[in-house]
Amino acid sequence: MQKKSFKILFLYTELAGYIVACINHLVKYNNEVSVKIVRWPVNDEAPFSFKFNKKIEVLEKAELTSQKLSKFNPDLIYISGWVDKQYKKIALDFKKQGIPVLMGIDNPWKGSFRQRVASFLSPAIIKPYYSHVWCPGERQYEFARRIGFSEEKILTGFYSADVPFFQNNNREALSRAKILLYAGRFLQWKGIMELYQSFLELKEETDNDWKLLMYGRGPLEKALIPTEDVEVNDFIQPDELKNIMQNVGAFCLPSYEEHWGVVVHEAAASGCPILVSEGVGAGTAFVRNGYNGFVFKSKNKADLKEGLRKMIACSDSERQMMGERSVELANRITPEIWSATLLSLLK
């Protein structure tokens, strides 16, 4: 019997490079799959440049019409969250036809008033629109459960770095400089001022030859004054980030609260020792305190500074071992696993 071809529709808000990498992998290694993506405009603070496989059709949100959707006739729909009312209407229409409608959420369960209200109202405003939920990890799994989805309707491992792309098969030959890397938006809740200040304080307090390398874009850029030991640069594309990550001594994401943070996964795949706050969701999957890096308390500059002190005090061989462990942890989620998880709803 001839193999059935599958059509998957992604209704996306803010598209990111790592999601495109996963979808590219999906269609490249599964010849029976074709994809259509509808997306919101590119975010100026994260202006990713995307390369799509030729089997992927991309539409801007303004181009979306019911006629185009009917012509595509998807077998599965993924929708990022529940904020877009037009997307929700599409979800409901297709769910009524028996088509799996998968909702992506990255909100961790915190038990806040708003989340409890959402949980209470879910039978009316969320659950009727979607058949399944796809979330990154354990914190988001609890939220999905709280809004009424049963265990068999919840998938995990939604966010994946392009692990093969960031990995280097010749890691032992790399010369890892004593450079601490931050890559992300320059926003207060990212904890970048605490990182910047703590690093400069340690330079004065200890005899170390480390440097801080920062890449990003945002309103705090002018507050990050470059020094002899701190370099501040504009946003860079994944191709450039990959080369930098494979040669720095450590990576740090000090966010007060980060729903996930795929850049941590990218750093792990690159073989970086990692410093991360407890508020970063991806840390639960890719960082083990004292094993491949250090975890510090969120919004706690003193604890961040202590984490930096520990990393700087590590020997080259200790950091090399941490980097090798990071690579092992990075393979817990890959584009291949991501694709298999999605296709499990069809096959």
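Biologist: How many aromatic pairs does the count come to?

Modeller: This is a predicted model. Rings of Phe, Tyr and Trp pair if their centres lie within 6.5 Å. By this rule the count of aromatic pairs comes to 17.

Biologist: Is the pair of phenylalanine 10 and tyrosine 78 stacked, edge-to-face or tilted, and which parts does the pair tie together?

Modeller: The centres of phenylalanine 10 and tyrosine 78 are 5.8 Å apart, with 50 degrees between the planes. Planes under 30 degrees apart count as stacked and over 60 as edge-to-face, so this pair is tilted. Phenylalanine 10 lies in strand β1 and tyrosine 78 in strand β4, so the pair ties together parts that are 68 residues apart in sequence: β1 (residues 6-11) and β4 (residues 76-80).

Biologist: Is phenylalanine 10 buried or exposed, and is tyrosine 78 buried or exposed?

Modeller: Buried means under 20% relative accessible area. Phenylalanine 10 has 1% and tyrosine 78 has 2%. Phenylalanine 10 is therefore buried, and tyrosine 78 is also buried.

Biologist: How many residues apart in sequence are the parts tied together by phenylalanine 158 and tryptophan 338?

Modeller: Phenylalanine 158 and tryptophan 338 form a tilted aromatic pair, 6.4 Å centre to centre and with 40 degrees between the planes. Phenylalanine 158 lies in the loop between β7 (154-156) and α6 (163-166), and tryptophan 338 in helix α13 (residues 335-343), so the parts tied together are apart in sequence by 180 residues.

Biologist: Which residues do ring pairs link into a cluster?

Modeller: Phenylalanine 158 and tryptophan 338 are buried, and both belong to the cluster. Ring pairs link these members: Phe10, Tyr12, Tyr18, Tyr78, Trp134, Phe158, Tyr159 and Trp338.

Biologist: Over which ring does the charged end of lysine 88 sit?

Modeller: The charged end of lysine 88 lies 4.4 Å from the centre of the ring in question. That ring belongs to tyrosine 129.

Biologist: Why are the buried residues of α11 on the same side?

Modeller: The buried residues of helix α11 are Leu304, Lys305, Gly307, Leu308, Met311 and Ile312. They are on the same side of α11 because they cover an arc around the axis of only 155 degrees.

Biologist: Which exposed residues does the face of α11 turned away from its buried side carry?

Modeller: The buried residues of α11 pack against elements including α7 (192-205) and α12 (316-330). The face turned away from that buried side carries the exposed residues Ala302 and Ala313.

Biologist: Which residue caps the N-terminal end of α11?

Modeller: A side-chain oxygen of the capping residue lies 3.2 Å from the backbone nitrogen of alanine 302. The cap is asparagine 300.

Terms used:
Residues numbered from 1 in each chain as written. Predicted model: local features only at pLDDT ≥ 70, side-chain atom pairs only at ≥ 80, totals over all residues. Heavy atoms only, no water. Buried < 20%, exposed > 50% of the residue type's maximum accessible area, 1.4 Å probe, protein only. Helix = DSSP H or I, 4+ residues; strand = E, 2+ residues; numbered from the N terminus. Arc of directions from axis to C-beta. Contact = heavy atoms within 4.5 Å. Polar contact = N/O pair within 3.5 Å; in protein donor to acceptor, adjacent residues only side chain to side chain. Phe/Tyr/Trp six-rings, centres within 6.5 Å; stacked < 30°, edge-to-face > 60°. Lys NZ or Arg CZ within 6 Å of the ring centre and 35° of its normal.
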